[in-house]
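Here are my notes on the model you sent over.

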Amino acid sequence: KAVERETTSQQPSPSTKTPQIIRPSVPVGVDRSEPIKGFKKAMAKSMTASLRIPHFGYCDEIDMTSMAALRHSLKENPMVKERGIKLSFMPFFIKAASMALHHFPVLNSSVDEACENITYKASHNIGFAMDTSLGLIVPNVKNVQSLSVMDVAIELARLQELGNKGSLGATDLTGGTFTLSNIGSIGGTYAKPVIMSPEVAIGAIGRVQVLPRFNSKGEVVRASIMQVSWSADHRVIDGASMARFSNLWKVYLENPSTMILDLK
Ligand code: CAO
């Protein structure tokens, strides 16, 4: 009996048994290599050059409630409908940036490779990142300082149509002086945009989201909130200039009627 008990106690308990590994048969694909060419090759070259720039980052949130209401009402306006224009937020972002650049021309400048000379650009050629089936492209709207919001919308539509067909010319793709990247049309809140050398600043715009915020009476209200993330060349742009520029851009977008005051 004693021998029998000892033998039983030496049996391993079920939990200490080596588990059986079941390996289902998974079909394995074949690795594929392809040359990096076209827009992707251009992106590799320009982004590698850009990352030599010491980037400074600055973020803020914009209350787009009034702007969203304005855009909604303008979309139904005969002046917009009859011209066959799809009025998105982009023309407002671009025009407001140009208006703010008037006050902070250093943000619309370029620096040479050795960073020995800075050139203040006379034109506001505002680039916008565009996601196409062929890859990222950054066409620019020329002379935004002389264009109305409607002019910008028309030019954006032209550039988007050509960009989607892959038939933008060199003129539309070069000569940019400042860039905006509306990644929010796809999703996301914050981004870390990379400066398009030799420009000195770029802004990435996040998705407009309906979120609770306090109004001036301390009441919780529904607000359309959007984040902006700026990157600037810290060799020539200080944080205070970037912050003041962003504040002004924010004022124009949060109170669209103030844009009328500064429109030229
Ligand atoms: N938040 C919420 N909705 C937004 C938005 C935002 N930030 N930006 C645009 N939208 C809305 C538009 O208002 C539009 O809505 P309606 O159909 O109701 O009018 C819808 O999203 C689609 O907009 P769109 O993309 O057709 O047009 P757009 O002028 O707003 O943007 C463009 C144009 C070229 C900026 C955009 O298409 C695009 O390519 N964005 C991606 C940019 C990108 O890839 N950046 C990363 C660069 S680094 O790799």
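1. Start with Asn108, which sits in the loop between H5 and E2. Keep in mind throughout that this is a predicted model. Is Asn108 buried or exposed? Its relative accessibility comes out at 1%, and the cut-off for buried is under 20%, so Asn108 counts as buried.

2. What does Asn108 touch, once residues up to four places away in sequence are set aside? The list is Leu101, Thr119, Tyr120, Lys121, Ser123, His124, Thr177 and Phe178. For a sense of distance in the other direction, take Gly84: it is 24 residues from Asn108 along the chain, and the two C-alpha atoms are separated by 31 Å.

3. Lys121, one of those partners of Asn108, belongs to the loop between strand E3 (118-120) and E4. Lys121 is partly exposed, with a relative accessible area of 37%. Beyond its neighbours within four places in sequence, Lys121 is in contact with Asn108, Ser109, Ser110 and Thr177. Ala170 is 49 residues from Lys121 along the chain, with 19 Å between their C-alpha atoms.

4. Now look at Ser98, placed in helix H5. Ser98 is buried, at a relative accessible area of 1%. Leaving out residues up to four places away in sequence, Ser98 touches His124, Ile126, Val144 and Gln145. His124 also turns up among the residues that Asn108 touches.

5. On to the core. The largest nonpolar core has 51 residues, and those with the most contacts inside it are Phe93, Ile94, Leu107, Phe178, Phe245, Trp249 and Leu253. The elements that each give two or more residues to this core include strand E1 (55-63), helix H5 (90-103), helix H6 (149-165), strand E11 (220-233) and helix H8 (239-254). Strands E4 (126-128), E8 (178-182) and E9 (201-205) are on that list too. Which element gives the largest share? That would be H5, with nine residues.

6. Apart from its neighbours within four places in sequence, Leu253 is in contact with Ile62, Asp63, Met64, Met67, Phe92, Phe93, Ala96 and Met226. Phe93 is, like Leu253, listed among the residues with the most contacts inside the core.

7. Setting aside residues up to four places away in sequence, Leu162 touches Ser167, Leu168 and Asp172. Val106 is 56 residues from Leu162 in sequence and 31 Å away in space, C-alpha to C-alpha.

8. Some backbone geometry to check. Most residues other than glycine have a negative phi, and most peptide bonds are trans. Cys115 has a positive phi of about 55 degrees although it is not a glycine. Cys115 lies in the loop between strand E2 (109-111) and E3, and is partly exposed, with a relative accessible area of 26%.

9. Asn143 also has a positive phi of about 55 degrees without being a glycine. You'll find Asn143 in the loop between strand E7 (140-141) and H6, partly exposed at a relative accessible area of 30%. Where is the cis peptide bond? Look at the step from Ser197 to Pro198, where omega is near 10 degrees. Pro198 is in the loop between E8 and E9.

10. Stepping back to the whole chain, the protein has nine helices and 11 strands. Why call it more spread out than a compact globule? The radius of gyration is 27 Å, well over the 18 Å that the globule rule gives for 264 residues. Along its principal axes, the C-alpha trace spans about 105 × 55 × 40 Å.

11. Last, a few totals. Buried residues make up 37% of the 264 residues. Of the contacts with a separation of 6 or more, 63% are between residues 24 or more positions apart. The protein exposes about 16,000 Å², with carbon and sulfur atoms supplying 56% of it. There are 29 positive and 23 negative side chains, and the centres of the two sets lie 5 Å apart.

Notes: Residues are numbered from 1 along each chain as its sequence is written. This is a predicted model: local features need pLDDT of at least 70, side-chain atom pairs count only at pLDDT 80 or more; totals for chains, interfaces and linings use all residues. Side-chain values use heavy atoms; hydrogens and water are left out. A nonpolar core is a set of buried Ala, Val, Leu, Ile, Met, Phe, Trp, Tyr and Cys residues joined through side-chain atoms within 4.5 Å. Buried means under 20% relative accessible area, exposed over 50%, partly exposed in between (1.4 Å probe, protein chains only). Helices (H or I, at least four residues) and strands (E, at least two) are DSSP runs, numbered from the N terminus. Contact means heavy atoms within 4.5 Å. The radius of gyration is taken over C-alpha atoms; the globule rule is 2.2 Å times the number of residues to the power 0.38. Accessible areas come from the Shrake-Rupley method with a 1.4 Å probe; for residues, only the protein chains shown count as cover. Lys and Arg count as positive and Asp and Glu as negative; His and the chain ends are not counted. The place of a charge is taken as NZ of Lys, CZ of Arg, CG of Asp or CD of Glu.
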